[in-house]
Amino acid sequence: MTKEAASHESGAGGAAAQGPSEDSPATRIRERMGECTPGERKVARALLAAYPVAGFETVASLAEIAGVSGATVVRFTTKLGYQGFPDFQRALRDEFEHRSASPMALYERTSRSRRAATPDDLAALGEGPAEDIRATFAGIPAHDFDTTIAALSQEKRRIWITGGRYSNFLAEYLGASLQQLRPAVQMVPSMASVRGAALADFGPKDLLIAFDFRRYELATRDLVRFAKSRKAFVVLITDKWVSPCASDADTVLTSVAAERGPFDSVVPVMALVEAVFEGLVEKIGSPARERMARIEETVQELDLL
């Protein structure tokens with residue numbers, strides 16, 4: 001994959017309902033790692049560390065990268081439900097086509113099924129987003145969600161949030177919401193010099209929330225790797241295709257959105273953000289309510305209404 005192909009998001013929202021969306025290789029790897037032998041988990045980690053590029057290696061090359069035998073690589077792909085390594089790579093190529101889809105490609109792919117809305121079918125337009133929300137929450141591991149809420153509730157942690165070309169407004173929305181509940185919540189600065197100064201003291205007490213959707217951004221990948229190297233806690237909010245950042249994330253929250261036009265829907269992501277907010281309100285309890293009250297008092301004192 002070229003740097004250019006991976007450097008921009010097409011929009012926030014996630015996986016396609018058409019094609020191999022919810023049964024992609026990335027999804028199977030993450031969901032079935034717990035069933036694997038130690039050797040097979042080495043293969044899984046090697047794939048996720050350089051996903052999806054590592055999956056296009058030969059069996060021998062991938063085995064060498066993972067430090068296992070070729071037979072272990074093949075066993076791993078069959079454990080994922082594929083008929084063999086070639087079948088796994090076919091699924092990977094199909095997934096890559098969807099992961100790297102541009103707005104123009106999505107527009108052309110959905111043009112046949114897309115139709116103009118009329119007053120008679122406006123209610124039907126809500127059915128797709130509603131299904132996306134149901135699919136999103138059905139697919140989120142309870143452990144990842146609960147662990148995320150627990151980490152965000154620890155006041156000793158500084159929370160940093162970053163987004164991509166199209167998902168930055170989602171990151172800012174989450175940041176503004178979390179600031180109502182607890183202190184030390186801020187966006188990662190976009191200006192290079194300011195970012196360097198802000199992150200110079202990054203460490204184990206920091207928590208990074210990264211939004212990364214297809215087509216995944218290299219700047220976000222670099223930031224997540226940096227955070228992990230400083231032993232910070234990393235929360236990844238991504239799509240069903242799963243950002244390459246997942247290999248360095250402590251928790252991964254994925255959204256599901258069907259392809260209906262040139263841009264992926266942000267509805268399931270917004271629902272996920274609001275669920276995180278609600279979960280944190282419950283987890284923090286009275287200190288969150290007290291902080292919101294202090295904010296209201298400050299607004300009135302400064303005449304900011």
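Helices (H or I, at least four residues) and strands (E, at least two) are taken as DSSP runs, numbered from the N terminus. The model is predicted, with local features requiring pLDDT of at least 70 and side-chain atom pairs counted only at pLDDT 80 or more, while totals for chains, interfaces and linings use all residues. Residues are numbered from 1 along each chain as its sequence is written, and side-chain values use heavy atoms, without hydrogens and water.

Thr136 lies in helix 8. With a relative accessibility of 0%, Thr136 counts as buried (under 20% relative accessible area, with exposed over 50% and partly exposed in between; 1.4 Å probe, protein chains only). Apart from neighbours within four places in sequence, Thr136 is in contact with Thr254, Ser255, Val256 and Pro268, where contact means heavy atoms within 4.5 Å.

Helix 8 (residues 127-139) packs against helix 13 (residues 267-284) at an angle of about 50°, the axes being 8 Å apart. Axes are lines fitted to C-alpha atoms, for helices over the stretch in contact, and angles run from 0 to 180 degrees between N-to-C directions. Helix 8 and helix 13 are therefore oblique to each other (angles under 35 degrees count as roughly parallel, over 145 as roughly antiparallel, 65 to 115 as roughly perpendicular and the rest as oblique). Helix 8 contributes Pro129, Asp132, Ile133, Thr136 and Phe137 to the contact, and helix 13 contributes Val267, Pro268, Ala271, Leu272 and Ala275.

In helix 5 (residues 70-79), the buried residues are Thr72, Val73, Phe76 and Thr77. These residues span an arc of only 135° around the axis, which places them on the same side of helix 5; the arc is that of the directions from the helix axis to the C-beta atoms. Gly81, with a positive phi near 105°, follows helix 5.
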